[in-house]
Amino acid sequence: MTAPAAIEPLDYRTAMGHFCTGVTVITAADEEGPVGFACQSFSALSLDPPLVLFCPMKTSGAWRTIERTGRFAVNVLGEGQQDVSSVFGSRHPDKFGAVAWKSSRTGSPLLDGALSWIDCAVETVHDGGDHHIVIGRVLELSAPNAGRPLLFYRGRYTQTVTDPGQAIPRALSLDSFLTWPVGDDWM
């Protein structure tokens with residue numbers, strides 16, 4: 001058996017860009033103030049117990065605050081929040097001065113206008129190459145707001161074409177999806 005060819009980073013990035021993701025902003029705060037970053041590597045992990053995961057770069061300054069405080073919030077962005085995603089995806093010097101927000105009960109920033117938010121405590125952290133794999137226990141969450149999600153696909157923002165109020169037919173093959181509740185609403 002021959003060794004596999006080395007995967008070129010640009011080829012890898014291009015291939016992974018064909019997987020459409022939602023856009024979140026992961027936030028935290030400590031005595032020095034709030035921190036946050038745009039994050040596509042977010043997922044629901046478990047219903048019982050309620051767990052989520054996200055993957056920050058090991059060099060992330062926001063990650064250092066999350067690691068130190070042991071808590072974070074996930075803000076799920078709506079399609080009209082491209083500007084919020086852009087601010088939190090940049091090195092903007094005052095990210096929280098550019099958006100309206102309030103603190104969760106645990107102190108993590110909750111961004112105004114997000115489709116939903118999930119307030120969490122760090123449960124475990126695993127090595128993931130140049131990223132960490134952070135598993136968080138859900139402490140509290142919001143009821144979802146109406147609207148469509150902000151999506152990212154092939155290096156740019158994209159959108160859904162269905163009406164968010166339109167019922168999606170339930171298919172038996174979707175029963176095992178964690179985000180497919182008994183009704184007709186995707187999380």
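This is a predicted model: local features need pLDDT of at least 70, side-chain atom pairs count only at pLDDT 80 or more; totals for chains, interfaces and linings use all residues.

Student: Which side chain does Arg 105 meet in a salt bridge?

Tutor: A salt bridge needs a side-chain nitrogen of Lys or Arg within 4 Å of a carboxyl oxygen of Asp or Glu. Arg 105 meets Glu 140 in this way, at 3.1 Å from N to O. The pair links distant parts of the chain, 35 residues apart: Arg 105 is in the loop between strand 7 (101–103) and strand 8 (109–111), and Glu 140 is in strand 10 (residues 131–141). Helices (H or I, at least four residues) and strands (E, at least two) are DSSP runs, numbered from the N terminus. Glu 140 is partly exposed at 22%.

Student: How many salt bridges does the structure hold?

Tutor: There are 4 salt bridges. One of them joins Asp 30 and Arg 68, with the closest N and O atoms 2.5 Å apart. Asp 30 sits in strand 2 (residues 24–30) and Arg 68 in helix 2 (residues 61–69), so this pair ties together parts 38 residues apart in sequence. Asp 30 counts as buried, at 15% relative accessibility.

Student: How many disulfides are there?

Tutor: A disulfide is a pair of cysteine sulfur atoms within 2.5 Å. The structure holds 0 disulfides. Take Cys 39: the closest cysteine sulfur, in Cys 55, is 7.1 Å from its own, which is too far for a bond. Cys 39 is also buried, at 3% relative accessibility.

Student: What is the strand order in the open sheet of 3 strands?

Tutor: Strands of a sheet pair through backbone hydrogen bonds, either parallel or antiparallel. Two strands pair if DSSP finds at least two bridges between them. The order here is 1-11-12, with antiparallel pairing. Strand 1 (21–22) and strand 12 (156–158) are the edge strands, each pairing on one side only. Strand 11 (residues 151–153) pairs with strand 12 over 3 bridges, and the bridge partner of Leu 151 in strand 12 is Thr 158.

Key
Residues are numbered from 1 along each chain as its sequence is written. Side-chain values use heavy atoms; hydrogens and water are left out. Buried means under 20% relative accessible area, exposed over 50%, partly exposed in between (1.4 Å probe, protein chains only).
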